[in-house]
Amino acid sequence: MRPIKIFTVALLLLLNAGNSWAHGDEDHSESSISTENAEATNNAEIIITDGWVTSGPEAIKVKRGDTVRMVFTSNKVDELHLHGYDIAVDLKPNVPAVLEFKAEYPGRFGYELHKAHREIGAIEVYP
Ligand SMILES: [Cu+2]
C-alpha cells in the first residue's frame, strides 16, 4: 500500500498547491466544479445534530469518474469542507445543502465541519 499512499500524498499536495493547509479562518473560494448534474450515481444523505453525524454513512466509496451527490442537513450553522477537492458548502439550520461533484481524483478525502472543528466522514475514490 505504500506506493499508493505516497501517490495520494503527492496528489493532495498538487491539489492543495497555492492553498493554505490551515483551517478555521481560511477563506474557501467558490468551487468551479458543477453542482447541477442530476445524473448522480452515488447519493448519500447525512444528518448532523450539534456537530455530530446522527444519520448517514461514515465513508462513501465510489469509483473514479462517478458523480457523488451528498445532502447534508445540520441543525446548526456550519461550513462543510471536502478536503483535496476543496469544495465548501454553507450549512444553514435545517436546510438541506447539496454537495455534488465528479470524483476525478482517486484517494481518500475527509470532509469536516469548520465551526465544530471535526472531521465527520470521508469519500474514498477508487481508480
Ligand atoms: Cu477544511
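Mentor: Start with aspartate 50. The model is predicted, and in it aspartate 50 has a relative accessible area of 45%, so the residue counts as partly exposed. Its partner is lysine 76. The two form a salt bridge, with 2.8 Å between the closest N and O atoms. Aspartate 50 sits in the loop between β1 (42-49) and β2 (52-55), and lysine 76 in the loop between β4 (67-74) and β5, so the bridge ties together parts that are 26 residues apart in sequence. Lysine 76 is partly exposed as well, because its relative accessibility is 44%.

How many salt bridges does a search of the whole structure find? It finds three. Another of them joins the side chains of arginine 69 and glutamate 100, at 3.1 Å from N to O. This pair also links distant parts of the chain. Arginine 69 belongs to strand β4 and glutamate 100 to strand β7 (residues 97-102), 31 residues apart. Arginine 69 is at 29% relative accessibility and so counts as partly exposed. Glutamate 100 is at 3%, which makes it buried.

Next, glutamate 124 and arginine 108. They form a salt bridge whose closest N and O atoms are 3.2 Å apart. Here both partners come from strands: glutamate 124 from β9 (residues 118-126) and arginine 108 from β8 (residues 107-113), so parts 16 residues apart in sequence are tied together. Glutamate 124 counts as buried because its relative accessibility is 13%, under the 20% limit. Arginine 108 has 48%, so it is partly exposed.

Now the rings. The count comes to four aromatic pairs. One of them is phenylalanine 72 with tyrosine 111, edge-to-face, with 5.5 Å from centre to centre and 75° between the planes. Phenylalanine 72 is in strand β4 and tyrosine 111 in strand β8, so the pair ties together parts 39 residues apart in sequence. Phenylalanine 72 has a relative accessible area of 0%, so it is buried. Tyrosine 111 is buried too, because its value is 0%. Tyrosine 85 and phenylalanine 109 also pair edge-to-face, at 4.8 Å between centres and 75° between planes. Tyrosine 85 lies in the loop between β5 and β6 (87-91), phenylalanine 109 in strand β8, 24 residues apart. Both tyrosine 85 and phenylalanine 109 are buried. They belong to a cluster: ring pairs link Tyr85, Phe101, Tyr105 and Phe109.

The metal site is next. The copper ion takes His81 (ND1), His83 (NE2), Glu112 (OE) and His114 (NE2) as donors, at 2.0 to 2.6 Å. Along the chain the donor spacing is H-x1-H-x28-E-x1-H. The angles between the four donor atoms run from 79 to 162°, so the arrangement is square planar. Glutamate 112 is buried because its relative accessibility is 11%. Histidine 114, at 6%, is therefore buried too.

Finally, confidence. Mean pLDDT for the protein is 79, and 68% of its residues reach 70 or more. Strand β5 (residues 78-82) has the highest confidence, at 98, and helix α1 (residues 2-15) the lowest, at a mean of 44. Residues 4-22 stay under 50, and the model gives them 17 contacts beyond four places in sequence. Residues 24-40 are also below 50, with 25 contacts beyond near neighbours in sequence.

Conventions
Residues are numbered from 1 along each chain as its sequence is written. This is a predicted model: local features need pLDDT of at least 70, side-chain atom pairs count only at pLDDT 80 or more; totals for chains, interfaces and linings use all residues. Side-chain values use heavy atoms; hydrogens and water are left out. pLDDT is the predictor's confidence in each residue, from 0 to 100. Helices (H or I, at least four residues) and strands (E, at least two) are DSSP runs, numbered from the N terminus. Contact means heavy atoms within 4.5 Å. Donors are N, O and S atoms within 2.8 Å of the metal (3.2 Å for Na, K and Ca); water is not among the atoms, so sites may look incomplete. Four donors count as tetrahedral if all angles lie between 85 and 135 degrees; four count as square planar and six as octahedral if opposite donors are over 155 degrees apart and all others between 65 and 115; anything else is irregular. Buried means under 20% relative accessible area, exposed over 50%, partly exposed in between (1.4 Å probe, protein chains only). A salt bridge is a side-chain nitrogen of Lys or Arg within 4 Å of a carboxyl oxygen of Asp or Glu. Rings of Phe, Tyr and Trp (its six-membered ring) pair if their centres lie within 6.5 Å; planes under 30 degrees apart count as stacked, over 60 as edge-to-face and the rest as tilted.
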